[in-house]
Each structure stands twice: as structure tokens, then as C-alpha cells.
Amino acid sequence: MSDQKAPAGRIRTEVHGRILKIIIDNPAKKNSFTPAMMVEMSNAMTLLDSNDEYWAGVVCGEGTDFTSGLDMPKFFGPNAEKIEISPSNIDAFALKGRCRKPIVTAVQGIVYTIGIEMMLAGDIVIAASDSRFCQMEAKRGIAPLGGAHFRFLTRAGWGDAMYHLFLCDEFDAARAHAIGLVQEVVKPGSQIDRAMELAHTIVKNAPLGIQVTKQAALKYIEAAERDAIDYIPKIKDRVLGSEDMMEGIQSFIERRPAVFRGK
């Protein structure tokens with residue numbers, strides 16, 4: 001038996017002409033995010049935004065899953081690791097500034113929690129037909145803190161957004177497409193190629209025209225988004241450190257259903 005440890009997760013980037021490809025690379029752990037990976041994702045998004053050589057981005061994941069979400073014990077609880085992201089950076093959820101360039105996200109397999117929030121922070125989503133979506137934070141005693149509470153609304157509308165945010169249920173690619181979270185559903189294994197194909201089409205257009213189109217569209221929802229983002233600290237105050245949050249984390253570690261008390 002080998003005693004070698006699995007390689008640590010990371011965020012890789014590749015340059016394809018005018019396209020910056022950003023790759024979640026932690027397949028041994030279903031592409032779950034560590035604090036270091038969150039910093040690396042922010043750095044990659046900032047690079048895409050700031051470098052005029054890149055006119056579009058593609059976000060994708062190695063292996064069979066896009067991401068299972070956060071490596072929870074490393075973010076919450078007594079063993080949480082601190083992360084430092086430059087205040088000038090674009091963050092992974094586009095809460096502290098949004099990337100000026102168009103972003104196409106390719107997803108497959110498990111697309112949980114922050115996976116949904118990151119894809120909704122972009123612009124266009126291509127999903128493999130085997131994709132499985134779930135915004136399950138409330139099952140763990142916390143709440144969506146990466147923008148799902150308002151971006152679900154702008155993509156799906158109130159009823160469908162609350163349906164999935166309240167049930168914390170798993171739904172498939174066909175459902176995600178029907179409610180507008182996903183723009184195309186393709187056969188498994190072809191989602192990245194399709195995302196790259198769309199990105200190559202996008203970068204044939206005038207980059208300034210594309211960027212100002214995105215900026216102008218964001219003006220329509222900018223004020224509402226800002227209010228929703230500014231409310232996130234109050235959401236954190238309400239759930240972080242609660243007995244329910246600690247129970248949620250412990251139940252995750254012990255692989256058992258959580259027993260919440262509303263405290």
C-alpha cells in the first residue's frame with residue numbers, strides 16, 4: 001500500500017489565444033475547495049479581468065465533478081484556516097467587483113453550493129447532462145454566502161429560486177436548463193469543448209463592444225445586487241457560530257443527518 005498523500009488541490013490556468021482557461025484541479029476530493037484554492041481562484045479571476053490580452057474566460061473542473069463545494073472543516077469550526085485575498089482582487093463569487101470579460105463556465109457531475117454560486121458569477125453555463133446541482137448550505141446549519149440568495153432570483157425568478165433554496169434539494173441539468181441557470185446541456189465529456197467553442201466565437205467580436213455590453217447589462221441589476229451583497233455580513237452574523245452551524249459541520253464530518261434546534 002502506498003503511503004503517498006493525494007496531491008493538494010490547486011487552480012490551474014491555460015492560455016488559448018485570447019482565452020484564459022481557469023481549471024479547478026482537485027479531482028481526488030471531487031474538486032472541493034481549500035482556502036488556498038479560493039485565493040488562487042481569486043487571483044485567476046483578477047488576471048482575466050486585468051490583462052488586456054485576454055478577451056474571455058472559461059471556468060471548468062478536472063475529473064468527473066465540477067465541485068462538491070468547500071472543504072468544510074477548513075473553513076468553519078475550530079480547525080478553520082485563515083485566508084487573505086487582496087482587497088483589490090476580483091473574488092470567485094464576483095461580490096467584490098465583477099470581471100469585465102465574458103465568462104463561460106462548463107460544469108459536470110456534482111455542482112454543489114459554491115459551484116452554483118461561481119457559475120452564476122459568470123455569464124454563460126454549459127452543463128453536461130450528468131450534472132447534479134444542490135444549494136445545500138442550510139442542511140449544514142449555515143446559509144448561501146456566495147451570492148446564491150440573489151443570483152438564483154435573477155436567473156430563475158422568485159418561485160423557482162425559493163423552491164430550491166428552501167428545499168436544499170438536488171436537481172438535474174434538465175431542470176437547471178428549464179429555469180435558466182444553464183444555457184446548454186450537452187453529453188458528458190463535451191462540456192469543456194463546447195464552452196471553449198463558445199469562447200472562441202465570443203473573442204472574434206470586438207472586445208470593447210462585448211465588455212461594455214456586459215457592463216451596461218449589469219447596470220440594470222447593480223443597485224439590487226449591491227444591497228444583497230451588503231446584507232451578507234448580517235447573514236453571517238445570524239448563522240456563523242450558531243449551535244445549528246456546529247451541528248451541521250459535525251454531522252458532515254460524521255456522515256450522519258443533522259439534528260437542528262434553531263439556535
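## The hairpin

In which sense do strand S1 and strand S2 pair, and over how many bridges? In this predicted model, S1 (residues 10–16) and S2 (residues 19–25) pair in the antiparallel sense, with 7 bridges between them. To pick out one of these pairings, Ile-11 has Ile-24 in S2 as its bridge partner.

The two strands make a hairpin, and 2 residues sit between them. Look at Gly-17 in that turn: its phi is positive, at about 65°.

## The three-stranded sheet

Next up is an open sheet of 3 strands, ordered S5-S7-S8, with mixed pairing. Strand S5 (110–112) and strand S8 (170–172) are at the edges; each has a single partner strand, so one side of each has no neighbour in the sheet. From one strand to the next, the twist averages 25°.

S5 and strand S7 (residues 132–134) run parallel and are joined by 3 bridges. Within that pairing, Tyr-112 has Cys-134 in S7 as its bridge partner. Helix H2 (residues 114–121) lies across S5 and S7, and runs at about 85° to S5.

## H2 against H3

H2 also packs on H3, at an angle of about 55° and with the axes 10 Å apart. The two helices are therefore oblique to each other, and their crossing is left-handed.

Who makes the contact? On the H2 side, Ile-116, Glu-117, Met-119, Leu-120 and Ala-121 take part, and on the H3 side Ala-148, Arg-151, Phe-152 and Arg-155. Sorted by class, the contact of H2 with H3 comes out at 6 nonpolar and 3 charged residues, with no polar ones.

## H3 against H4

Helix H3 (residues 148–156) has a packing arrangement with helix H4 (residues 158–167) as well: the angle is about 140° and the axes are 7 Å apart. Why does that count as oblique? Angles over 145 degrees are classed as roughly antiparallel, and the H3–H4 angle is about 140°, which makes H3 oblique to H4. H3 passes H4 in a right-handed crossing.

H3 brings Ala-148, His-149, Phe-152, Leu-153 and Ala-156 to this contact, where they meet Trp-158, Asp-160, Ala-161, Met-162, His-164 and Leu-165 of H4. The residues in the contact of H3 with H4 split into 8 nonpolar, 2 polar and 1 charged.

Terms used
Residues are numbered from 1 along each chain as its sequence is written. This is a predicted model: local features need pLDDT of at least 70, side-chain atom pairs count only at pLDDT 80 or more; totals for chains, interfaces and linings use all residues. Side-chain values use heavy atoms; hydrogens and water are left out. Two strands pair if DSSP finds at least two bridges between them. Helices (H or I, at least four residues) and strands (E, at least two) are DSSP runs, numbered from the N terminus. Axes are lines fitted to C-alpha atoms, for helices over the stretch in contact, and angles run from 0 to 180 degrees between N-to-C directions. Angles under 35 degrees count as roughly parallel, over 145 as roughly antiparallel, 65 to 115 as roughly perpendicular and the rest as oblique. A crossing is left-handed if the near helix is turned anticlockwise from the far one by less than a right angle, and right-handed if clockwise. Contact means heavy atoms within 4.5 Å. Ala, Val, Leu, Ile, Met, Phe, Trp, Tyr, Cys and Pro count as nonpolar, Asp, Glu, Lys and Arg as charged, and the others, Gly among them, as polar.
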